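Visitor: I'd like to go through this one by asking what lies behind each label. Could you show it to me?

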Amino acid sequence: MMSHAALTSASAPPRRGMSTRPGRVRLLPIALLLLAVPLAVAAWGLGGYSAQRERNNADTRLIDSLNSAGGVYRDVLSNVDSTATRLSGDRRVQHELFHGGHRAVVWRMRVNKRHPNGRVRPRRGPIPAAAAVRRIDFLSTKGRTIGQVVVFLPLDHQFVRWLAQQVDLGSHRQLGFARGGRLVGAERTLRIESGAPGGRAGDIRAGGTGYRTVSEGLGSGANRTRLAALEPSSYIDSKASLARWRVIGLGLAVIVALLAMAYAVSPSIARSRVSRQERERAERVLAHVGDGVFLVDHDGVIRLWNAAAEAITGLRPDAICDREAAEAIPGWPAVAARIPVARRPGEIDDESSAETVPLEIEGREIWLSIAGVTLPDGIVYAFRDVTRERRLEELRAQFVATISHELRTPLASLHGAAMTLLEREHELTAQTRQDLLDMIGAQSKRLADLVEEILLTGQLDSGSLWVVTEPFDAEELVWTVAATARLRMSDDTTTIAVSIPAVLPKVAGDAERTRQVLTNLVDNAIKYSPHGGAIELGVEAGDGYARFTVRDEGLGIPLGEQKRIFEKFYRLDPDHRRGIGGSGLGLYISRELVRSMHGRIWVDSDPGKGAIFMFELPLAERVIVPA
Ligand code: ADP
């Protein structure tokens, strides 16, 4: 019986149809780790991209500010134009030009807070180098300039300040006028140390500070002055680097989260791997264990049915599993009540040791030695097929009865004959004395044969029987057996004939053991032909073997019994109702002897018409047998 330790290992079997995905689960931490690498690269790349985008945004903001400031500047310039036009039509100005002795009237314009749209208030003044200038010439009839009205707007700190107030510059952007290596800002004029403001965004260094700048020319009227929008490079850099590290930080956070996840799931994966391995091992053990094992849960439903259980009972797992034991296993309710169930594995005492119970499955009776153990899942049963042992036990019991009978009969005869000879010797005729002595001889021979059979069976069972293999003459052996049998026959209703082919090669085996087998078969043929008949002994050569036959016209053997009569102790008539004695050992001994000489034995019979016993032994040499 399977050990309870094995039962314990069977305690956590996977349910039928249950499936896990061990491969995917095991790969998860590796996949997470592998994902971390491209994520890190992606985060780094995305960080760079964000920084660049921040720089581009700064450029866009500069261009927007410049465009707004340029628009305001052009409004102011058109005011300068209209002022110049207006002044040139003014009578007082014209009088001053033509009668006051001035060649030119110069007006300076200033922007002020009260005129936020850039309207100007002209005043007289000298023309500085950095200024937007509008000149209107008065020409003579001959085309010469005889007077000039000049209106100018100085591109100075004050104008920059005013311009900066008109547009949305945010906190760090500034405006300035660049001309000839100088940058006029809202507060002061800076020297441009490197780079030059251009139409496209670029870097310059002025007054010891780096700037990102974009500028536009203000036309010839402004004397090559450019309006520039600026933002300190340090501010843009800090914003770009902030953007970069924000993205990288986010990426790192995701990676850390992934690693934490991998770390968190690894122990559970390891645990699930271990339990899966244990489950697989238990499954393997269950599949290969020789004992049948099955689990019945608390609802009486069968949850597991191993390969040995199928092999022993012939009931397939798919016909058994997930069904109630009471309906799936024939006769289970009656049987289950008798099966001892231990509360714990290893708890084996007299009461919980295995019980032998019968089951009838598809018309076949099988005997199981079975025990159960309680588990949290239900009860696990382990069983072993003891049908053979059980049958042998029955036969053995029968044998004792048979042998007692077989011993008693000759012993009674012996005793009677001996007592008669002892007590009435002088009253007996010579013939009667002879008959009694013959009977003593025959019965003691019968007893000796019986004892010989029992001893031989013991030797065969223990494997201590000595069998030689050497060439012998089968023909001679058959003749001898037939002649000896004839001598033993008491009636003349039975005849013994011998049939031998012209050529018969030598047989490889033990001549004495072969004679024993043949004698046994002939004795049986005589014994089981109570009404006499023809008995025929024969031997013929086949392809590599010699086939011995013993044919009779006796009782014959039913088809269903033809295999079983070779079993130990098996008799068709155990109760001797037919009056034919025997131990049930003869054919068993014959089969074992033939097998030990590498041959086989079988019977063919028509019940009521007789039987043919045949056995084959290997030939000593290969010969071509003539047809
Ligand atoms: P036994 O000592 O009973 O003859 P065997 O082993 O020789 O034991 O034979 C087993 C059984 O086979 C016998 O009991 C008998 O029923 C049957 N048997 C053997 N030989 C014959 C035969 N020639 N004809 C009919 N039945 C036979």
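This is a predicted model: local features need pLDDT of at least 70, side-chain atom pairs count only at pLDDT 80 or more; totals for chains, interfaces and linings use all residues.

Guide: Of the contacts in the protein chain with a separation of 6 or more, 61% are between residues 24 or more positions apart; contact means heavy atoms within 4.5 Å. Residues are numbered from 1 along each chain as its sequence is written, and side-chain values use heavy atoms, with hydrogens and water left out.

Visitor: Why is Gly579 called exposed?

Guide: The bands are under 20% relative accessible area for buried, over 50% for exposed, and partly exposed in between, using a 1.4 Å probe and protein chains only. Gly579 has 63% relative accessibility, so it counts as exposed. You'll find Gly579 in the loop between S21 and H14. Gly579 is 49 residues from Pro530 in sequence, and their C-alpha atoms are 9.7 Å apart.

Visitor: And Thr387, why is that residue put where it is, buried or exposed?

Guide: Thr387 comes out at 11% relative accessibility, so buried is the label. Thr387 sits in helix H10. Beyond its neighbours within four places in sequence, Thr387 is in contact with Glu365, Ile366 and Trp367. For the protein chain, buried residues make up 40% of the 627 residues.

Visitor: What makes H10 roughly antiparallel to H11?

Guide: Helix H10 (residues 387-423) and helix H11 (residues 430-462) pack at about 155°, their axes 9 Å apart. Axes are lines fitted to C-alpha atoms, for helices over the stretch in contact, and angles run from 0 to 180 degrees between N-to-C directions. Under 35 degrees counts as roughly parallel, over 145 as roughly antiparallel, 65 to 115 as roughly perpendicular, and the rest as oblique. So H10 is roughly antiparallel to H11. The residues in this contact of H10 with H11 divide into 16 nonpolar, 5 polar and 3 charged. For those classes, Ala, Val, Leu, Ile, Met, Phe, Trp, Tyr, Cys and Pro are nonpolar, Asp, Glu, Lys and Arg are charged, and the others, Gly among them, are polar.

Visitor: How do you know which way H13 lies relative to H14?

Guide: Helix H13 (residues 511-527) and helix H14 (residues 586-596) pack at about 150°, with axes 10 Å apart. That makes H13 roughly antiparallel to H14. H13 passes H14 in a left-handed crossing: the near helix is turned anticlockwise from the far one by less than a right angle, whereas clockwise would be right-handed. Among the residues in this contact are Val517 and Leu521 in H13, and Leu587 and Leu593 in H14. The contact of H13 with H14 divides into 5 nonpolar, 5 polar and 1 charged.

Visitor: What makes H14 mostly covered?

Guide: Of its 11 residues, 9 are buried, including Gly586, Tyr588 and Arg591. The buried residues of H14 pack against H11, H13, S22 and strand S23 (610-618). H14 is followed by His598, with a positive phi near 65°.

Visitor: How do you know which strands are the edge strands of the open sheet?

Guide: Two strands pair if DSSP finds at least two bridges between them. The sheet has 5 strands in the order S18-S20-S21-S23-S22, with mixed pairing. Strand S18 (494-499) and strand S22 (600-606) each pair on one side only, which is what edge strands do here. The twist averages 15° from one strand to the next. Inside the sheet, strand S20 (residues 533-541) and strand S21 (residues 545-551) pair in the antiparallel sense over 6 bridges, and Val539 stands opposite Phe548 in S21.

Visitor: And what makes up the barrel?

Guide: 6 strands close into it, in the order S5-S6-S7-S8-S9-S10, with antiparallel pairing. The twist there averages 45° from one strand to the next. Strand S6 (residues 182-184) is joined to strand S7 (residues 189-194) by 3 bridges, and Arg182 stands opposite Arg191 in S7.

Note on methods: Helices (H or I, at least four residues) and strands (E, at least two) are DSSP runs, numbered from the N terminus.
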